Amino acid sequence: MGSYILRRILTAIPTLFFISFVIFALLALSPGDPTGNLPPSLPMEIKQRVREALGMDQPMPVRYVRWLQQFMVNEPLNAIEKATGIQIGNSEDRLRITSWTARGKPVIDLVMERLPQTLWVVGLAYLLSIVIAVPVGVFAAYKQNSTFDSISSVIAVIGFSLPTFFTGVLVIQIFAVWLGWFPSLYNTTLDVTNWDTFVQQVKQMIMPVMVLAFFQIATVSRFARSSSIENLRQDYVRTARSKGLGERMVVMRHVVRNSMIPVVTLIALGIPGIFGGAIVTEQIFAVNGIGQLLIISIQSNDLPVVQTVLMIFAVLVVVFNLIADIAYGILDPRIRYS
Amino acid sequence: MSISAGTATPNVELGTAVKRKHRTLWGDAWVQFRRNRLAVLGLFLLILIVLGVLLGPFIYRVDPKEINILDASVPPSLEHPFGTDDLGRDMLARCIYGGRISLSVGVVAMLIAMIVGTAIGLFAGYISRLDNILMRFTDMMLTLPQIPLLLVAMSLFRDPLRMRFGLEMGAFVMVVTIIGVFGWMPTARMVRGSVLSLKQKEFVEAAVNVGVRNNSIMWRHILPNIMAIIIVAATLSVASAILTESTLSFLGLGFPPDVPTWGSLLYENRNYMVKSPWMVMFPGILISLTILAINFMGDGLRDALDPRQRQ
């Protein structure tokens with residue numbers, strides 16, 4: 001197992017380099033310029049000096065390595081320092097990635113301000129979808145071709161065909177405008193201090209979570225269903241039945257455990273995707289998460305913020321890929337030796 | 001199931017020349033496809049939408065760009081079946097016009113993704129030397145965070161292309177290339193998988209033994225046999241391309257607002273969704289119906305074209 005995990009980690013590293021290079025190259029090749037937001041009356045020499053101070057005159061490989069150092073070494077150290085209060089090395093002199101527009105604020109601070117909102121909405125949606133989707137998928141597979149199966153299959157196709165921006169609009173129309181149950185916009189200044197504000201917080205989270213979860217339920221339940229169907233046909237199921245095990249035991253102990261192997265992978269691999277989906281949801285419900293931060297900084301050409309958010313997404317993808325691989329190895333011993 | 005029920009009753013009366021219907025792979029698939037009611041419904045809906053979008057402008061002769069402030073934000077009526085937007089432009093005309101762009105984005109992006117995906121899958125599967133490196137590359141491409149990267153790429157390269165190809169064409173080239181370039185990986189993996197298993201089949205071995213060149217084996221023997229998979233993948237990738245385009249446009253980073261597509265119609269009218277819901281409902285419903293129809297159809301096609309799935 002140890003060597004398997006080590007091998008997986010070793011293959012994850014080049015992937016991370018590849019992604020970081022794509023992100024760096026994409027932005028390095030772009031026509032965006034940090035001096036673009038400075039007043040046009042500024043003389044050219046000063047603009048040139050600003051560019052030099054930012055290291056824009058260096059050749060590309062040098063910039064890439066320095067950029068990488070910023071992301072992989074400096075900023076994580078800063079983040080740790082901020083979280084624990086322990087000073088590591090000469091932190092005063094360490095360069096920080098600062099935003100071009102938000103008055104030179106460190107990007108990490110901007111991200112940290114917004115991360116909790118995203119994590120709450122995304123996390124709840126994900127948990128909810130797993131709790132609903134897995135039993136639905138397994139039951140539909142067990143009763144293949146029954147009414148329950150066909151209805152849940154149709155709903156699943158609808159679920160991943162409807163774009164989240166449309167379900168969002170629809171949900172706002174129904175629950176906020178017609179029924180008036182929930183507020184249509186997310187109140188980002190709300191502080192949860194007592195029961196009333198807590199209720200308010202729950203109310204405003206229901207719609208974004210619902211929209212994200214609906215899409216995810218559709219994908220996961222379809223997958224759980226097909227994986228369970230495959231397993232229900234296997235010989236070991238027949239063996240389990242013929243040795244007199246109850247149906248409950250057969251399904252719960254044997255079928256579900258085996259068919260969850262690919263589902264776990266899908267769930268782990270889907271986490272970065274749902275962050276992508278959160279960009280849309282945050283835009284519709286005006287949640288101030290990192291998805292919204294990405295959109296704002298793209299619009300204002302704030303490249304350091306864009307790069308940081310992209311890198312966070314990329315690291316998430318690689319980390320969850322790794323988790324999926326390791327989970328797969330734990331659940332299915334055959335994988336480890338292939 | 002090798003013989004589909006009902007069509008083939010073996011003729012026991014010897015001597016009588018009974019004309020048996022000639023059956024082809026595609027005929028067989030069609031019979032199978034028709035049994036899936038949802039797939040047929042999807043096909044029907046899709047034909048309806050495509051016809052509506054293609055022939056719409058000839059029947060419904062209203063200029064989608066004509067501004068009429070006096071008729072602004074009118075709810076659906078006989079005169080304006082889908083209502084009008086905040087500038088008094090007719091929503092039905094805009095939806096028809098936008099549908100043309102959305103559907104063509106879907107088709108062209110699908111073609112790019114299919115060509116790249118099939119080529120890479122075919123080479124990786126057939127030429128063992130290339131397998132490792134091509135699949136590594138595919139896996140890496142799969143790990144890129146798609147939507148965020150698409151957004152950034154769109155915003156960075158929009159202006160240069162717009163200057164090159166003009167407002168509408170520039171955005172089209174941009175959207176289509178980016179969606180295509182980020183969308184070929186699942187196809188490549190599927191194609192590679194089936195090429196690997198086809199390579200072991202007797203007919204390929206036979207072809208190798210009679211001295212057919214590698215090139216011919218790939219194009220004449222293997223490619224036709226993976227057509228079914230490619231068709232299914234192509235169908236589903238049209239849906240995902242339309243979805244991606246409308247997501248980008250909805251976030252304001254796809255087509256510019258003055259070019260109506262279903263997604264950008266939603267984007268430009270999103271602020272009116274509470275006061276005048278028809279402005280966002282109709283484009284939203286059209287996107288959803290199209291994607292739903294294609295996905296239902298794709299499921300049906302998969303069942304019809306893949307004999308292993310049949311029960």
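**A predicted two-chain helical model**

Visitor: Which element of chain A has the highest mean pLDDT?

Guide: The model is predicted; local features need pLDDT of at least 70, side-chain atom pairs count only at pLDDT 80 or more, and totals for chains, interfaces and linings use all residues. Residues are numbered from 1 along each chain as its sequence is written, while chains are lettered from A and ligands numbered from 1 in the order in which they are written. The predictor's confidence in each residue, from 0 to 100, is its pLDDT, and among the elements of chain A the lowest mean, 70, belongs to helix H12 (residues 333–336) of chain A. The highest mean, 85, is that of helix H5 (residues 147–161) of chain A.

Visitor: What is the average pLDDT of chain A?

Guide: In chain A, 86% of the residues score at least 70. The chain A average is a pLDDT of 78.

Visitor: How many helices does chain B have?

Guide: Helices (H or I, at least four residues) and strands (E, at least two) are DSSP runs, numbered from the N terminus. Chain A has twelve helices and zero strands. Chain B also has zero strands, and its helices number eleven.

Visitor: Which elements of domain 1 of chain A give two or more residues to the side that touches domain 2 of chain A?

Guide: Domain bounds come from an automatic or database domain assignment, which gives chain A domain 1 (19–96) and domain 2 (107–331). Two residues are in contact if their C-beta atoms, placed from the backbone, lie within 7 Å; here ten residues come from domain 1 of chain A and nine from domain 2 of chain A. The elements giving two or more residues on the domain 1 side are helix H1 (2–28) and helix H3 (60–84) of chain A.

Visitor: Which helix supplies the largest share of the side of chain B that touches chain A?

Guide: The contact takes 35 residues from chain B and 37 residues from chain A. On the chain B side, helix H4 (128–143), helix H5 (146–165), helix H9 (214–250) and helix H11 (278–305) of chain B each supply at least two residues. The largest share, eleven residues, comes from H5(B).
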